[in-house]
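Biologist: Could we go through this model together? I would like to begin with the overall fold and then turn to single residues.

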Amino acid sequence: MRSTLTAELLLSIASYLDSYTDTLRLASCCRTFYPLLLPKVFTSLDLIEHRSGHLSHLVHTLALKPALAQEVRTLRISHGWRWTSGVRYEQEVILPVLKSVLGPDDDLSRRDWELQSGENDDAWTVLLLALLPNLKDLVLQVDAISKCTLEWMAMIAEKESPGLTKLRHLTVVCSDVDGGLSSSHFLPILRLPSLQSFCGHMICDGGSSDEEYLEDQEFDAASYVPDNVGYSNITHIHLQSSCSRRGFANLIGASKSLKSFTLEHSENPNYADDGAMYASRYYPPLQRHRETLQTLTLTDERTNKYSAYTNYNYDYVGSFAAFSALKELRLQIPHILDWDPTWMNPHEVSNNRFSDVLPLSLESLILDALEIEHTNELAGLFKRLFLRRKYRCPNLTYLEVKANWMHVHQSSEESQAIPRPIPAMYEEFADFKVKLESLCSAVGVRFRLRDLHIEDIIEKNRSYGFSSDVL
């Protein structure tokens, strides 16, 4: 079958397909379509759910057809595959690729056996990455035996060897590794010259022994200088479900010019009794980027979802007044203001003001972990800020405050009703909301008071088919 459609029209039609599987089916239905559309199938490869046999066949295809390998821009791949039969291994195709990726200490016969046996998907991943000269976006789901890929990436980065020369965005998910992976595994990889952003899930620094814990507790973040500073072109770091007792000083210090840093902290899996965030230890390494940092988030991952989470960790981070490029800031309330937590007195007092800690460049401020003890003092601090907003925060346009458990307890009948009614707000929070809405309206700042409890109720009501009009 042949088509009378022009190439331009056919490519325009194919651009509306959401699935690369659909694109492949369309390419296979016509001799005219096939050469035009097949390269589009390889633009983005998702191998998260595939098995080892599929990976070996893909490597052979790309080794035999370099033009298709050059089309790949995005790759998502997992190493947690179950071994399957059907592993393809043609030595005359694979051996030249294998030799090109071997390091000086590698054993050719051992690597060759790993590929033929199909028991190590990690070895096949290295070959795949070596075949993709134009890869820009890589997502790796690693497990406990994924060291081949990480070691190879570190080797080519440190020795400036050919490979991954256009990689811009690297995401590593370490949730299949017991205790996550240390940032030390990725520091060498940050030398890749084109790399701009690093995203990590379960990057956890800090050992599990009492000796290591005590050593980290005594760490002096203010005076620590990493061995290697400013060697990476990376500008964006985003860490989820991650933690570091030393404030990721080496990771932050690797960047020549950091523009954004996000940490969504989780408890340290290597030391069950240590759930502290150590927020103040992130300040010294971040200070090195005070002239370039535009976006900063330091918070607990539990503030992203409704839970019984309560924060009593009063660890003042430091002032960001000198961060001249900072536009978006998200912190927990006990970390941004130097509170004096008097447990016998519910009306806590801050030792500084927003004008002491916020930069003139700030456009968006998000504060997590609002508690009832904060409301009076916080409202007063915002009032002082907005009275002098022209001189202290002239660019601020958005303010968000987030809390949990800020509404009156419901009866069992109310909490189990469908749709569930919205619970009444405690008087202290209602008063805080009214004050902030009035203050922000007067100076043209958009204000949002978020309650994850309420958002959870609304979402569940919607799942039952009730629109927001009846909530």
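**Fold, a buried aspartate and cysteines**

Modeller: The protein chain has 19 helices and 15 strands, taken as DSSP runs numbered from the N terminus (helices: H or I, at least four residues; strands: E, at least two). This is a predicted model, in which local features need pLDDT of at least 70 and side-chain atom pairs count only at pLDDT 80 or more, while totals for chains, interfaces and linings use all residues. Residues are numbered from 1 along each chain as its sequence is written, and side-chain values use heavy atoms, with hydrogens and water left out.

Biologist: What percentage of the residues is buried?

Modeller: Of the 471 residues in the protein chain, 49% are buried, meaning under 20% relative accessible area with a 1.4 Å probe, protein chains only.

Biologist: Where is Asp368 placed?

Modeller: Asp368 lies in strand β13, residues 364-370. Asp368 is buried, at a relative accessible area of 0%.

Biologist: Which side chain makes a polar contact with that of Asp368?

Modeller: The side chain of Arg330 does, at 2.8 Å; a polar contact here is a pair of N or O atoms within 3.5 Å, one able to donate a hydrogen and the other to accept it, and residues adjacent in sequence count only if both atoms are side-chain atoms.

Biologist: Is Cys174 buried or exposed?

Modeller: Cys174 is buried, with a relative accessible area of 0%.

Technical notes:
Buried < 20%, exposed > 50% of the residue type's maximum accessible area, 1.4 Å probe, protein only.
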